[in-house]
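Biologist: I have a model open and want to learn how to read it. Can we go through it feature by feature?

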Amino acid sequence: MEGLAIKILGAVITTIVAFAVGMTYGGITRKLTARVQNRVGPTIFQNFIDLLKLQSKKTNIYHGVMGHFAPMWIITAAITVLMFIPVLHPGTAWYNSWFPNLSFHGDLIFLLYMMVFGSLGMALGAGQTGNPNSAIGVTRGLSQMVGFEIPFVLALVALMVQYQTTSIQDIMTVQRESGVWMMFSNPFSFLAALFASLGMFRYSPFDIVGAPAELASGPVSEFGGKYLGTMMSGGSIFAFIKLTLYVDLFLGGAYSIPELLIKTFALYMIPVFYGWVNPRYRTEQAIRYFWGWPTALGVIGLLIAIF
Amino acid sequence: MNTLALILLILFSGAIVAFLSEKVSKFLPSLIAFISITAAGILFYTSPADVFNFKLSMAGLNFTLKIDEFSRLFVHMIIGLSWLASMYAVGYMQNKERQGTFFFNMLLSIGGMLGIVAARDLVSFFVFWEIMTWSSFLIVVWTGADFRRTGIWYMVFSAMGAYAMLMAIMMIYSDIHTFNIDEIIAAIAEQRLPHLVEASVLLLFGFSVKAALMPLHVWAPNAYTQAPAAYTAIFSGVLSKMGIFGMALVLLSMLKFANPADFSLVYINGFIGQILAWLGAITAAIATLYALIQTDAKKLLAYSSVAQLGYITIGIAIGTPLSVMASLFLAVLHALFKGTLFLAMGAVERQAGTTDMTKISGLIRRMPWTFFVTLVSIISLAGVPPLAGFVGKWMLYEALITNGNVFMVVVVFFSSTAAFLYSYRILFGIFLGQEEDDTAHVKEAPLSMILPMVVMALLLIALGTYPGLLFDPIAQGMTVLGFENVTWQMTVLSNVWGNTVNLMYISTTIGVAFVAALLFLTLKGRKGSRNVGTKDISTSGEIPLEHENLTYQLDFFKPFERAASPLYRRKMTKIYDDLSNGLDALFDFTRKIYTGNGQTYALYVVIFLVALLIYVQNTL
Amino acid sequence: MCSFDYQTIMSISIYGSSVVLMLLGLYAVLVKKNLIKIVIGLSIVDSGLHLLFVAVGYLHNGTAPIFSPEAVDKVNQMVDPVPQALVLTAIVIGFATTAVALSLVIRLYKHHKTARIDQIKSLKW
Amino acid sequence: MSITPVHYIAVPLAAAFLIPILSKFHKETARIIPGLVFSYFLVISFVLMRQVSNTGIISETIAGWRAPWGINLVFGYFSGFFATLMSVIGFLTWLYSYRFKLVDSKPAMSYYILLMMLVTGSIGIVITGDIFNMFVFLEIVAISAFSLTSFYPGRDGAEAAFKYLLIASFSSFLILLAVLLLYTQTGTLNIAELSTKVHLIPQSLKLTILVMFVVGLGIESELFPLNGWAPDAYSQAPAPVGAVFAGVVVKGGIYATMRVMFTMFDINEMGQILLILGLITTIIAEVAAIKQTQVKRMLAYSSIGQMGVVMMAIGIGTEDAVFAALFMMFNHAIIKGLLFFSTGFLLHNSLTKTIAEMKGVAKKFPVLSFMFALGSFAIVGLPPFSGFWSKLYFLMAAADAKLFSMIALVLAVSIVEIVYYFRVVGVMYYHQPDESLPTKQPGLNAYFVMGFLAALIIGVGVYPDLITNFLHAAAYELTHKTEYVQTVLTQFVR
Amino acid sequence: MKRFLVIFLMLALGFYLIQALHFVPFGANRMGAPADKKTVAAFYLNETVPQTAVANVVTAIVVNYRGFDTLGEVTVLFLATTGLASILYKRRDEEETERVSKPSSTILQTGAKVLFPLVVILGVYVFVHGHLTPGGGFQGGAIIATGFLLMLIAYQKYHLSHSMLTWVESLAGILFVSIGLWGLITGGTFLENSWFPKGTLNSLISGGAIPIIYIAVGFKVAAELTGVLDILLSTKDDKSASNIQQ
């Protein structure tokens with residue numbers, strides 16, 4: 001019973017950490033972007049403020065059952081994935097006490113699919129609102145996903161084949177034991193995954209889903225108040241999840257929260273930087289982009305992993 | 001009376017009675033079909049396992065029918081899905097013409113399928129196979145639309161497959177003079193079958209047609225679309241699995257017994273398996289791509305079925321315990337979710353008059369139950385946890401990765417990611433989006449149609465957490481195929497590398513998180529929330545005008561289509577069209593021999609006479 | 001070179017003429033366009049064949065197979081009676097065929113207003 | 001007076017000679033007497049088949065002369081199979097066309113007489129034990145067939161009949177020549193005695209004779225370059241006559257071929273050639289059939305194709321293959337009969353008899369369309385209809401002979417067959433009728449006939465043992481000719 | 001082109017025919033001595049007189065030994081007339097058509113008048129003596145038919161009674177078949193000759209039923225050939241052809 005209580009506590013802590021980190025990173029990005037664009041920009045904590053505002057607003061509009069479910073769907077997916085991801089290295093003190101979660105009970109393929117779960121809910125909710133822009137946003141997002149999934153899967157398969165496991169812990173353990181990060185043992189796969197991450201984070205030039213200029217934020221355009229707030233929270237957790245996953249898989253994982261923060265932040269800046277210097281792609285350009293060099297790199301990485 | 005024979009007799013005589021009873025009442029055939037299938041089901045489930053054994057000696061041939069553990073798995077599928085579909089059909093077919101024909105063929109094809117899985121000799125296998133084929137053909141053309149493209153193509157491809165099988169059967173016969181599968185397996189083990197490789201390839205060709213494998217799939221989308229939904233569920237759900245059954249029979253049951261010492265045979269076996277698996281993967285990818293550009297929901301599902309059959313084929317073709325298990329699991333699952341989906345589309349068709357997604361949308365409020373079952377099935381189809389589809393997908397991926405088929409994994413992954421696109425397409429196209437005025441009158445389907453779908457949807461949910469319920473019969477069936485001691489757990493999946501996924505934890509986590517979020521969102525600020533219609537939206541911050549078109553249904557994935565345009569360029573149907581046109585021209589040219597001039601015919605006679613004389617006198 | 005005795009000459013002339021008749025008839029059937037000529041050709045073929053029938057039954061210095069009071073003992077010189085009986089049947093059948101053929105020609109001519117076989121091909125392919 | 005095989009010939013001949021007189025007094029006699037004769041055929045067949053199963057092959061002498069001296073009739077399983085089949089088809093055809101409205105009594109009289117003699121002649125071919133007599137019966141069949149082909153007034157019937165006549169003349173010429181040459185070498189015309197004496201013939205001459213038989217009988221059995229007449233004749237003859245052509249006349253030709261090739265000679269001498277000819281015939285006929293626009297013409301080509309397969313089975317020449325050939329012929333007779341019978345009413349008032357005119361007929365004639373569809377299913381060899389078994393047995397025989405490429409080709413053309421039959425079925429069922437042709441509903445007699453054939457097709461399909469034992473006996477008898485020869489040659493005089 | 005092909009074919013066919021006939025030496029005895037009865041022909045030559053008391057062996061073969069063929073042959077003729085009637089059938093309204101031949105000269109008409117009875121009598125003689133002398137039913141019938149042909153050509157208005165022809169040919173046919181069936185009924189075989197007194201060789205009444213059959217055949221053939229000629233001659237290219245229903 002005590003174990004269960006600790007687990008629940010750990011889960012809550014994990015969620016809070018992930019949420020906070022994701023929100024903060026978002027704030028930092030906004031600030032940095034503003035500075036680069038020669039603006040003052042909001043504070044780093046603007047996201048928290050936004051969230052507070054949204055949650056305290058009265059929600060007037062009810063768009064039907066799917067519109068109601070969509071935010072829950074996202075947050076559920078975010079929390080579930082988070083539970084199955086090793087935030088820190090297994091075996092470390094921090095890990096054992098606070099972040100054990102359920103990460104022994106899932107593996108990479110499960111995570112891949114579980115991450116889609118949230119998007120699906122979002123898509124359904126967006127669909128029911130009847131806003132054509134939302135639907136367009138969803139179709140773009142799905143199309144783009146097919147685009148970046150190929151290099152990403154190539155990288156992951158290379159990883160799994162190279163280490164003969166599909167479990168994230170095992171991959172981390174192998175990296176720790178050998179002392180060589182995946183990033184260095186198979187740089188091609190890493191690069192492929194990195195390129196895929198550009199699409200995954202949906203920053204410019206891959207921000208075709210939201211596309212503030214033409215779709216008015218796309219899927220989320222009809223949501224407001226508690227719904228939008230919940231979605232934002234879920235999105236932040238997902239940002240943390242993605243970063244943690246990359247760190248776990250390619251950067252050898254982290255032994256402590258600071259290490260995790262450094263690694264994730266470094267990783268996070270790559271799409272952000274990339275976005276600063278690139279205007280938005282059209283959907284087919286984005287897909288073609290992912291099916292170009294990233295895929296080639298992924299294939300090379302996979303070949304290296306096999307032989 | 002033998003129980004197995006009795007079951008078949010019930011189905012076949014039920015078919016005839018149903019056909020004749022149309023004269024009495026329009027309603028009667030559907031009822032008779034339902035009753036016969038129920039009777040067959042009751043008979044099957046109340047009899048002990050060892051009575052399904054039937055031998056008949058007729059016309060100088062010995063026919064053996066036997067339901068072993070492997071067949072039993074398929075019998076579950078056939079009887080279960082047919083029962084639900086026939087229950088559904090009672091409501092679905094109401095007030096339609098020519099119900100007698102429909103139910104006649106439906107029962108006949110169900111009987112044919114049972115015969116196929118029970119057959120232990122190749123002749124009865126072929127007989128039942130053909131009965132199944134033509135009865136399903138008659139249902140496919142039942143609506144009569146586009147007979148040439150749908151009916152003739154289906155029949156031609158089926159015939160190609162069936163005749164390839166017949167050729168193989170004859171090759172085997174010429175070697176060992178028996179049709180009995182057990183004796184054939186014994187002969188393979190003793191290397192008394194020189195034509196083994198050719199025969200297996202031909203058999204696999206035949207089964208690939210039914211399993212709609214890549215170059216032979218062109219009949220499937222049209223056929224699945226044209227058949228009435230109540231039957232398409234069976235058609236796509238179990239009838240296509242007969243191809244899988246046959247493949248399993250050849251690859252796992254027959255070829256496996258080839259002497260390992262014979263290197264070339266083993267090599268060929270692996271080679272055949274690899275080719276087949278790659279064909280399955282390519283089928284999955286291409287069919288998915290075609291599925292997502294469809295505008296008709298049934299056609300979309302039809303392509304989707306082809307893609308799913310591709311996955312199933314991969315598993316069988318790879319032939320490791322996990323992959324076979326994945327494949328069989330997916331096969332059952334496909335029957336469940338694709339059955340549900342086709343039934344749901346049938347309900348939509350019946351209530352709204354069409355399944356063309358450009359014509360209807362926003363049915364979620366009108367047909368909530370149908371939406372629910374569709375959603376559950378789509379989530380299963382997409383393989384998203386925590387529903388059952390994930391289990392099958394997971395096992396398939398793990399099987400492929402652990403077996404080293406890494407590039408195949410990527411192709412499969414690509415196709416199942418692209419499957420999200422059409423999954424969303426079908427949900428959005430029919431149930432979500434703008435509510436149209438001309439669908440305002442639509443009502444939910446009657447209970448007798450909803451019930452079967454809900455049953456299957458609940459099964460899908462249950463299997464998502466407790467796949468072991470299905471692993472049990474699968475593992476038993478695999479024993480027959482030679483995979484003894486397949487380990488499985490009720491809620492935990494594991495691969496050969498020792499990695500596990502605990503479905504119980506997943507479901508629990510999701511459930512807890514979901515309930516928490518639900519409570520939070522539902523309870524918070526409930527007051528004052530206003531239920532608005534789909535017109536009440538802001539597009540780019542503006543309130544849309546009354547006449548403004550807010551429906552987004554055409555060219556749904558146009559950007560993707562543009563991006564993937566090289567993959568769409570070559571259409572298989574075009575190739576077959578060219579082929580058939582070429583053959584047509586050749587035929588037309590050939591028949592010009594018959595010039596119509598009697599004198600020319602006389603000249604032929606004399607030329608032939610002289611030629612034969614010269615030939616005979618100079619050579620014999 | 002074989003000697004031109006009576007037997008050879010008879011052989012060549014009888015067999016030869018029957019073969020030539022058959023071939024001529026066939027030639028007419030295969031080349032002539034007129035329906036009547038084709039029917040005539042068929043008759044000529046038949047004639048050649050009937051001649052051959054009679055010819056193969058022939059015996060050197062044979063007599064007819066009829067037991068007239070003065071020839072009762074000539075049984076050993078009688079020619080083979082069987083082909084003669086057969087040819088009787090064959091002739092009658094040939095006649096029947098020709099009659100039917102002519103009637104068909106009449107009808108064809110009535111409808112097509114022509115008797116050229118290459119213009120009567122409304123049934124083809 | 002016990003029933004003997006000669007009743008097959010004597011009774012219908014007497015009837016045929018009687019009809020012109022009797023029909024002067026009562027017109028209906030021209031219809032009824034052939035019916036009585038056909039019914040009597042059934043009785044004869046039944047009695048004789050029982051007798052054969054009890055005592056073996058029956059050999060009957062004519063005019064009291066023992067086998068080589070006189071003409072004899074032989075009735076064993078093999079001949080009996082054909083005779084029974086022909087009797088049944090003849091009877092059904094008569095019953096079917098019983099209510100055919102004919103202009104007035106005279107052509108009606110001709111029709112029934114010719115129909116009766118067509119069947120009688122074919123049965124004569126089958127039961128005779130004398131090669132020249134067989135020729136005479138072939139001519140009886142031919143003359144009746146010419147007249148029936150051109151039975152409908154109009155130009156096309158005459159054209160078809162003339163082509164038929166032209167080609168059939170070649171057939172009779174060649175057969176006659178071959179018989180003459182055989183006679184000169186062996187001094188006999190009796191098939192049984194010939195079979196003991198053919199070894200006396202010099203090889204080169206024997207081959208020439210064989211070639212003449214192959215070509216002459218090939219014309220009758222519709223082998224490829226010799227079958228130009230067949231589609232025209234089938235398509236122009238009245239529909240029931242088409243059924244008789246397919247079910248009776250061709251069978252006579254095939255029977256003659258089998259008798260000559262198996263009993264008189266050895267099948268191995270010409271087997272290969274027949275095999276290849278059969279294959280080519282099948283391929284070309286099916287290929288031509290798929291492009292037809294007229295239903296009956298299509299059925300005709302289909303018949304030719306089937307006969308090609310039968311010829312292949314004969315060419316293989318083993319007992320199993322002969323069994324398959326007989327089974328196939330049985331199926332072909334009943335199924336083609338059903339198809340011709342149903343088309344007869346479906347296109348009753350149509351002038352051009354094209355497939356397009358059958359649009360949507362299923363709405364107006366559900367039973368007839370069902371029969372046609374059933375026939376289509378059966379003839380392409382789908383189980384559980386009888387056509388499947390014969391195909392299976394043929395393939396088994398071919399597989400035994402290791403003729404895989406041939407199996408492949410036959411199966412490939414089967415697909416073509418499926419296409420064109422199913423296309424017609426599709427037109428019948430799944431097209432909207434564009435105009436309402438004033439068509440005629442069949443009477444009870446036609447329904448009975450078609451129902452009987454359909455029941456036979458399904459019955460044999462579900463339970464092939466109804467007929468297989470019998471066919472096995474027939475195949476055994478043909479491939480083991482000793483019994484035949486001995487029965488004929490050693491029979492007690494009178 | 002086609003002509004040359006045909007000529008080539010004819011030459012090739014001729015070659016093979018001659019090659020085949022090479023094995024059939026002209027005039028050689030292939031039947032063996034009649035007394036040996038090794039071949040059918042020898043048997044016939046040897047046994048005809050003792051068994052049937054018919055002088056003309058060919059007649060014996062045609063009518064008795066191979067009588068069945070003759071029955072078939074008669075049937076063929078019968079079918080030809082029946083077929084002709086149906087092929088060239090005219091509806092009632094067009095029945096009164098004239099004969100196609102042109103009006104003939106007086107010489108022909110007078111000659112025909114004189115010759116006709118003589119020709120018929122000759123024909124009757126030929127078939128009545130069929131079992132004694134060369135000739136027989138077919139030959140006699142054919143001769144009689146030529147007599148009618150003469151009349152038909154000479155006189156345009158010469159009308160044959162079709163009813164009469166039908167009666168003659170049917171009765172003759174029935175006679176033939178019933179003689180055959182009588183043998184069967186009396187316990188023998190079809191067309192059996194033994195129940196009728198044989199008579200003495202070379203007399204008019206000899207050979208049992210053979211002359212009777214041959215006379216029947218003669219009548220039948222005469223009637224049938226005449227019928228055929230009449231039908232063929234009385235058909236002309238009428239205008240109604242175009243509107244005959246197809």
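Biologist: Which strand of chain B do bridges join to β1(A), and do the two run parallel or antiparallel?

Modeller: Ground rules first. This is a predicted model; local features need pLDDT of at least 70, side-chain atom pairs count only at pLDDT 80 or more, and totals for chains, interfaces and linings use all residues. Residues are numbered from 1 along each chain as its sequence is written, while chains are lettered from A and ligands numbered from 1 in the order in which they are written.

Modeller: Now the strands. Helices (H or I, at least four residues) and strands (E, at least two) are DSSP runs, numbered from the N terminus. Two strands pair if DSSP finds at least two bridges between them. Here two bridges join β1(A) to β5 (residues 530–531) of chain B, and the strands run parallel. A:Ile61 has B:Arg530 in β5(B) as its bridge partner.

Biologist: How many residues does each of chains A and B give to their contact?

Modeller: Two residues are in contact if their C-beta atoms, placed from the backbone, lie within 7 Å. Chain A gives 67 residues and chain B gives 62. On the chain A side, α6(A) supplies the largest share, 18 residues. By class, that side has 35 nonpolar, 23 polar and nine charged residues. Ala, Val, Leu, Ile, Met, Phe, Trp, Tyr, Cys and Pro count as nonpolar, Asp, Glu, Lys and Arg as charged, and the others, Gly among them, as polar.

Biologist: What about chains B and E: how many residues are in contact there?

Modeller: Seven residues of chain B touch four of chain E. The chain B side has six nonpolar, one polar and no charged residues.

Biologist: Which residues have the most contacts inside the largest nonpolar core?

Modeller: In soluble globular proteins, nonpolar side chains tend to be buried together. A nonpolar core is a set of buried Ala, Val, Leu, Ile, Met, Phe, Trp, Tyr and Cys residues joined through C-beta atoms within 7 Å. Buried means 20 or more other C-beta atoms within 10 Å of a residue's own; exposed means 12 or fewer, partly exposed in between, with C-beta atoms placed from the backbone. The largest core has 723 residues, with B:Val605 and D:Ala313 having the most contacts inside it. Beyond its neighbours within four places in sequence, B:Val605 is in contact with D:Ile167, D:Phe170, D:Val215, D:Ile219, D:Pro225 and D:Leu226.

Biologist: What share of chain B counts as buried?

Modeller: 61% of its 620 residues. Chain B has 24 helices and five strands.
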